[in-house]
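User: I am new to this structure and would like to learn how to read its features one at a time. Could you take me through them with the general idea before each case?

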Amino acid sequence: MRIMDLAYEKCCGSSKKDSWRTTLVLAYQSLGVVYGDLSISPLYVYKSTFADDIHHSETNEEIFGVLSFVFWTLTLVPLFKYVFIVLRADDNGEGGTFALYSSICRHAKVSLLPNRQVSDESLSTYKLKQPPEKENNSQVKMLLEKHKPLHTALLILVLLGTCMVIGDGLLTPAISVFSAVSGLELSMSKEHHEYAVIPITCFILVCLFALQHYGTHRVGFLFAPIVLLWLVCISGLGLYNIMHWNPHVYEALSPYYMYKFLKKTKKQGWMSLGGILLCITGSEAMFADLGHFSYTAIQTAFTFLVYPALILGYMGQAAYLSKHHQMAHDISYYVSVPDSVRWPVLVIAILASVVGSQAIISGTFSIINQSQSLGCFPRVKVIHTSDKKHGQIYIPEINWILMILCIAVTIGFRDTKHMGNASGLAVMAVMLVTTCLMALVIVLCWHKPPILALCFLLFFGSIELLYFSASLVKFREGAWLPILLALFLLTVMFVWHYATIKKYEYDLQNKVSLEWLLALGPSLGISRVPGIGLVFTDLTSGIPANFSRFVTNLPAFHRILVFVCVKSVPVPFIPPAERYLVGRVGPSTLRSYRCIVRYGYRDVHQDVDSFESDLVNRLADFIRYDWCRPESTSDTGNEDDGLRSGQSSGEDRLAVIGNMDFSASWAFEAEESMQHVSVSVGSHTDDSVTDIIEMVPQIKRKRVTFAVEDHDEVDAPKHVQMREELEDLLGGQQSGTAFILGHSHVKAKHGSSILKRLAINFAYNFLRRNCRGPDVALKVPPASLLEVGMVYVV
């Protein structure tokens with residue numbers, strides 16, 4: 001299936017509305033990506049619900065009560081909550097847990113990301129729902145910003161939701177494929193069935209995970225037709241069963257049947273809700289996959305196709321069971337399928353389960369990549385399986401771990417009951433996290449009264465808590481698995497994030513002054529070698545300590561020196577024209593630069609070859625811009641001129657360098673607000689990163705456009721100096737590029753608590769040794785790599 005990725009158009013601010021034809025095409029395409037998991041839920045909902053807690057009786061109160069619960073759950077949660085409310089909380093067209101967290105962080109100062117700059121707020125995708133000067137400071141916002149433990153609690157909540165999504169990525173393929181293959185039980189004896197279903201399920205799962213490295217674009221064109229065929233199939237069978245067995249089954253949609261159900265079954269009925277909630281598995285995908293489609297397309301597909309088909313499917317099953325009480329011991333989807341079409345339905349069900357599993361596996365890869373980009377997950381190798389379609393990625397390590405765990409769950413549980421209990425708890429945990437974050441978005445981003453957010457939280461939160469409690473009771477019957485997995489993943493992610501923040505604080509406190517760099521020269525035995533040296537650092541100002549250690553041990557560095565900071569910004573995408581911030585470090589004669597490369601949490605990081613050539617081109621554009629700009633265009637014109645002439649007056653300002661063609665004419669847009677200054681840190685402190693973060697002074701913004709049509713407008717002396725600098729840059733590129741990275745070892749300082757020593761000395765260092773190094777994450781060729789050993793005492 002061809003996915004029309006509108007994300008780039010959205011992030012560039014396009015306000016054109018989709019035509020009805022485009023909307024229908026996107027709605028059709030969304031079936032295979034968004035609704036695969038949700039559409040196959042009829043395979044196992046009734047079977048999980050009637051597993052042990054309740055039993056189908058001749059009064060039909062149980063089956064009609066379950067149908068009523070399914071109907072209202074599908075109506076309130078996926079339709080009302082997600083389609084009509086949550087989908088509107090997009091982040092530049094993107095959805096998901098990190099999209100909500102990103103929006104909250106931009107509207108309130110609760111982010112724990114390091115190296116944040118005020119200049120990031122100039123990004124076109126860093127838009128606020130309301131201008132800051134008109135923003136009303138609500139009590140909720142002031143409370144969140146004032147208490148720093150709440151920042152950590154918010155991050156833990158987001159990470160918990162992320163862990164549960166990963167757990168869902170493990171459990172959904174197992175229960176989906178197992179339930180589909182279980183249809184064989186009606187065509188063979190019980191002895192043969194037990195020995196056939198598990199091996200066939202495991203074989204399909206192995207094939208599914210083994211084909212991941214090819215990417216979904218190779219077989220994706222089949223996804224939408226398969227899901228569409230499955231929806232037509234369940235709705236057609238549902239209509240047939242309703243008309244043939246019980247045309248009055250629609251009466252069970254009344255909420256009165258829920259009351260009768262709970263009155264009769266009492267505690268057992270409440271416990272059975274853990275199976276009913278499986279009817280909304282996959283609802284979160286509507287929001288998570290919003291970036292690939294439009295809001296209107298997802299709304300149209302669910303409201304007019306998926307929702308009616310599911311309701312008809314569940315009603316048809318209930319109508320059949322209401323007349324077949326002898327099936328009380330074996331309530332599965334396939335018993336309501338006529339014998340003449342059972343085998344075709346079985347094949348379609350298996351294909352649909354594979355499509356639904358593929359969607360959740362791809363979503364797991366995506367959310368792990370987002371977590372990694374925000375410094376909340378150990379480094380893993382990310383492979384982009386399609387050059388044309390954004391967001392299609394493959395992570396080898398995660399893929400094989402998921403496959404092994406998925407097969408282990410299938411073999412270990414061996415039935416739909418335990419798999420359903422585990423999957424249900426993971427699904428409801430993710431929905432509870434989304435509800436909590438959505439309540440904050442209503443207040444902080446939409447600027448609605450807190451009472452409205454409280455009503456949203458209480459109404460939907462109470463429904464989800466009811467289902468969550470029913471799942472939690474099944475702790476010993478399968479629900480322990482997602483809890484154990486979430487605790488393990490949450491520990492890993494939080495330890496990694498904590499150590500990353502501590503390393504940044506150490507770098508910030510131990511950075512070297514510019515005067516130290518300017519003092520280096522032949523008189524100290526320091527030589528400059530041909531080539532370009534790219535020094536990677538997390539700092540956005542100052543000289544990193546790993547470079548001073550490098551020069552101390554090897555008294556030489558490259559003639560062209562670039563301090564590169566690859567940083568993440570809490571936005572989904574950053575347009576290529578706004579990605580690079582470039583400036584000088586010292587005078588122009590030093591040939592030293594700073595380049596800040598900014599990525600959003602859904603951006604694709606460039607490979608090393610394109611990154612290197614792109615970086616050199618940006619440096620060349622900056623050099624031309626720096627020499628050609630009139631001195632009167634900036635308040636710092638005298639300072640800039642002083643820097644060019646060799647005087648030391650600090651770091652120059654950073655300019656946004658986009659895709660400009662300087663061969664004919666050049667156009668630059670700079671903002672005076674991008675003056676690059678940092679808070680000086682004179683001694684080691686234990687302050688949080690938010691206290692020592694690098695800041696930019698708030699001054700009135702004035703957008704200035706520079707246009708230079710010919711080199712003749714540049715003064716002759718400056719023109720000569722500019723040509724010399726460009727020739728040096730070209731010569732450095734021809735001589736080769738070296739990538740200088742820090743090889744870090746982190747240990748807790750003396751006197752630290754036992755918990756901190758365990759987290760840093762053992763847990764973090766174990767993860768660091770066993771995950772991908774920064775050179776692999778940055779795709780640096782080994783022949784060009786220079787690693788500098790660093791010991792961080794945090």
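**Reading the chain step by step**

Analyst: Of the 794 residues of the chain, 59% count as buried, where buried means under 20% relative accessible area, exposed means over 50%, and partly exposed lies in between, with a 1.4 Å probe and protein chains only. This is a predicted model, in which local features need pLDDT of at least 70 and side-chain atom pairs count only at pLDDT 80 or more, while totals for chains, interfaces and linings use all residues. Residues are numbered from 1 along each chain as its sequence is written, and side-chain values use heavy atoms, with hydrogens and water left out.

User: How many helices and strands does the chain have?

Analyst: Helices (H or I, at least four residues) and strands (E, at least two) are DSSP runs, numbered from the N terminus. By that reading, the chain has 26 helices and eleven strands.

User: What share of the contacts joins residues 24 or more positions apart?

Analyst: A contact means heavy atoms within 4.5 Å. Among the contacts in the chain with a separation of 6 or more, 84% are between residues 24 or more positions apart. One case is Ile226 in helix α10 (residues 223-245), which is in contact with Leu351, Ala352 and Val355 when its neighbours within four places in sequence are left aside. Ile226 and Leu351 are 125 residues apart in sequence, and their C-alpha atoms are 6.9 Å apart in space. Ile226 is buried, with a relative accessible area of 17%.

User: How should I read a nonpolar core, and which residues have the most contacts inside the largest one?

Analyst: A nonpolar core is a set of buried Ala, Val, Leu, Ile, Met, Phe, Trp, Tyr and Cys residues joined through side-chain atoms within 4.5 Å. The largest here has 170 residues, and Tyr35 and Trp230 have the most contacts inside it. Helix α17 (residues 416-444) gives the largest share of this core, 18 residues. A second, separate core of 31 residues includes Phe536, Ile560, Val562 and Phe739. Returning to Tyr35, its contacts, not counting residues up to four places away in sequence, are Ser30, Val227, Met286, Ile298, Ala301, Phe302 and Val306.

User: How does the span of helix α15 relate to the expected one, and is this helix enclosed or open?

Analyst: The expected span of a helix is 1.5 Å times one less than its number of residues. Helix α15 (residues 342-373) has 32 residues and reaches 47 Å from its first C-alpha to its last, close to the 46 Å expected. Of those 32 residues, 23 are buried, so α15 is largely enclosed by the rest of the structure. Thr364 lies in this helix and counts as buried at 0% relative accessibility; not counting residues up to four places away in sequence, Thr364 touches Val165, Ile166, Gly169 and Leu402. Just after α15, Gly375 takes a positive phi of about 70°.

User: Which elements do the buried residues of helix α21 pack against?

Analyst: In helix α21 (residues 545-553), the buried residues are Ala545, Asn546, Phe547, Ser548, Phe550 and Val551. The buried residues of α21 pack against α20 (514-519), β3 (527-536), β4 (556-568), β10 (737-747) and β11 (785-793).

User: Is Thr49 buried or exposed?

Analyst: Thr49, found in helix α4 (residues 45-49), is buried, with a relative accessible area of 0%. Leaving aside its neighbours within four places in sequence, Thr49 is in contact with Ile54, Val66, Ser272, Gly275 and Ile276.
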